[in-house]
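Open the structure in your viewer and keep the sequence beside it. The tour goes from stop to stop, with something to select at each one.

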Amino acid sequence: MTKPNFIFFDTETSGGRGLADILTIDALFCDHNLKLLESFSSKARLRKSRVYEIDSFLVNGLDPFEMDTSKNSNFDLTKEANDKFRSWVNKGPVFFCAHNGYGFDYMLTSQHLFSNLFTWPWIFSTGNARQIDSLPIVQNFDFYAPNKIATELNEKSNKVFKLGSLCKANGFEIKELHSSRGDTEGMMNLMSFLKKKDPALFKQSLSFTNKNDVLNKIKETDYFCHPETFYGRTRQFTSSYLCEHPVYKGYHLVFDLKHDPEEMFGEQSNEILKKKLNGAPKKYRTLKIGKNPFIQDKSFATNFNDEYKTLGHEILQARAKYIFKNRDELANRLCLIINDQFQDQDMDQTELIPEQMIFSLKPSQSEKSLMDNYVLANTLDEQRKIHDQFKNPALKHLSEMILLDRFDDDAFSSSEYKRIRKGISRRLLSTNKEVFPTIPDGMARIDLLREEKKDDSQTLAKVERINKHIEGLAKDHEKYL
């Protein structure tokens, strides 16, 4: 069987929110032994339809004036990255790896593929590709192989698992920290370090990337162990499988065996059961089978001085047997309670903007064909002709934003251009609380930073340079109102 290659990648963005733009992306393609085979790098200019969060440039060190000179639009960067990633995936099985990728990079990059009209944004977990995250891997590594890796401590004496801190503590400090290139190299070095420290544990950490394999494993065994990390502290839970979450597909519910399921479910009404299940501590936990959960054999249940060791395997076995025997009934009761809770909650009725519709916008086959041709088009005329064929307002909007960033006013008639720019300016100059950063948000943040950083001349100089750029954006957008 072919051993998977690795693709390490990192992004630097215009902000930390879901609608942030990727400004730079770097990737390293390595063989199964983590030997570097090829590298990739791309950067894009700032989009006319968005504004950045001030702190993002203070962290990543990017200069907004320099970013404005980049030859690539966001569409061009996204297409370059997609083409490169697919070319590597076509070489055989591959693990994509990002640090805190499940929390940020994977969804962010898929969001960019969607908003740039790629019909299939889930490139990290389909075909030859599987996704892993170096953050939980190193946390689990630290827990099951203590003292093999060094970690720094924060002011609360909790271990720090930030990439820069881990690399520094273990002797390979990232020279260009918070740059996509530097962080990608640091991640590759970190994974190489783990592989050398404990090859068996490293291999096991990559064993749960196939959803079906994970599901079969946790369903077919009576009970198993799985770690979770909260605020820098990892602990192990021992659980038995119940069912898939009734609302969040791909998430699966397991019962924590430190609680007695027979006493919990028993003959009691669902109202009483609901109160018990919702009381602290949690009685059931959630496993995300598509996010490489770390599953340990049940023999590990009593390896630590905790509730499970006190209970012992005999009691754990009996509780697991009760769940296995009554699984369908218990799952049905739990799902009824969860569904009721979701119905009782006030559902957010806020209308989504097109960029947020990655899960709700379902283009038809004919629309998908147009989108594919749009992505493949090489010229303004070709993309503009396809743009005119989009009937769905959301697709039309996304196409307009791409054409604007790629070709500016060359892509539109004078009246179209004024309409588009006026709409953007209204959004970016809004003084309301928006789902995206606004220019007034940025100016308010700059005022706060001037006071906070008044004794830090180096940071203050960066703030003033960003302020100059923001003021220029404000003047430009005010012209269209």
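**Before you start**

The model is predicted, so local features are used only at pLDDT of at least 70 and side-chain atom pairs only at pLDDT 80 or more, while totals for chains, interfaces and linings use all residues. Residues are numbered from 1 along each chain as its sequence is written, and side-chain values use heavy atoms, with hydrogens and water left out.

**Stop 1: the sheet**

Show the cartoon and find the open sheet of five strands, which runs in the order β3-β2-β1-β4-β5 with mixed pairing. Strands here are DSSP runs of E with at least two residues, helices are runs of H or I with at least four, and both are numbered from the N terminus. Two strands pair if DSSP finds at least two bridges between them. Strands of a sheet pair through backbone hydrogen bonds, either parallel or antiparallel.

Select β3 (36-43) and β5 (129-133) next. Each has a single partner strand, so one side of each is left without a neighbour in the sheet. From one strand to the next the twist averages 20°, where axes are lines fitted to C-alpha atoms (for helices, over the stretch in contact) and angles run from 0 to 180 degrees between N-to-C directions.

**Stop 2: strand β1 and its partners**

Select β1, residues 5-13. With β4 (residues 94-98), β1 pairs in the parallel sense over four bridges; look for Ile 7 opposite Phe 96. With β2 (residues 22-30), β1 pairs in the antiparallel sense over eight bridges, and here Thr 11 stands opposite Ile 25.

Is β1 buried or exposed? Nine of its nine residues are buried, so β1 is largely enclosed by the rest of the structure. Buried means under 20% relative accessible area, exposed means over 50%, and partly exposed lies in between (1.4 Å probe, protein chains only). In a regular strand the side chains alternate between the two faces of the sheet. On β1, one side carries Asn 5, Ile 7, Phe 9, Thr 11 and Thr 13, the other carries Phe 6, Phe 8, Asp 10 and Glu 12, and both faces are covered.

**Stop 3**

Cys 30 is buried at 0% relative accessibility, and Cys 97 is buried with a relative accessible area of 0%.

**Stop 4: the largest pocket**

The largest pocket holds about 880 Å³ of space. Of its 28 lining residues, those closest to its centre are Val 59, Asn 100, Lys 162, His 178 and Asp 183. Pockets and cavities are found on a 1 Å grid over the protein atoms alone: a cavity is a set of points where a 1.4 Å probe fits but cannot get out, a pocket is an open set with protein on both sides within 12 Å along at least five of seven lines, and lining residues have an atom within 4 Å of a point. Grid points are joined across faces, edges and corners, and a volume is the space filled by probe spheres set on the points.

Among the elements that each supply at least two lining residues are α4 (101-115) and α7 (180-197). By class, the lining has seven nonpolar, 13 polar and eight charged residues. Ala, Val, Leu, Ile, Met, Phe, Trp, Tyr, Cys and Pro count as nonpolar, Asp, Glu, Lys and Arg as charged, and the others, Gly among them, as polar.

**Stop 5: the cavities**

The whole structure has four cavities of 30 Å³ or more. About 60 Å³ lies in the largest cavity, whose lining includes Ile 22, Leu 77, Phe 85 and His 112. Helix α3 gives the most to this lining, with five residues.

**Stop 6: Phe 237**

Finally, select Phe 237 in strand β9 (residues 233-244). Phe 237 is buried, with a relative accessible area of 4%. Phe 224 is 13 residues apart from Phe 237 in sequence and 8.4 Å apart in space, C-alpha to C-alpha.
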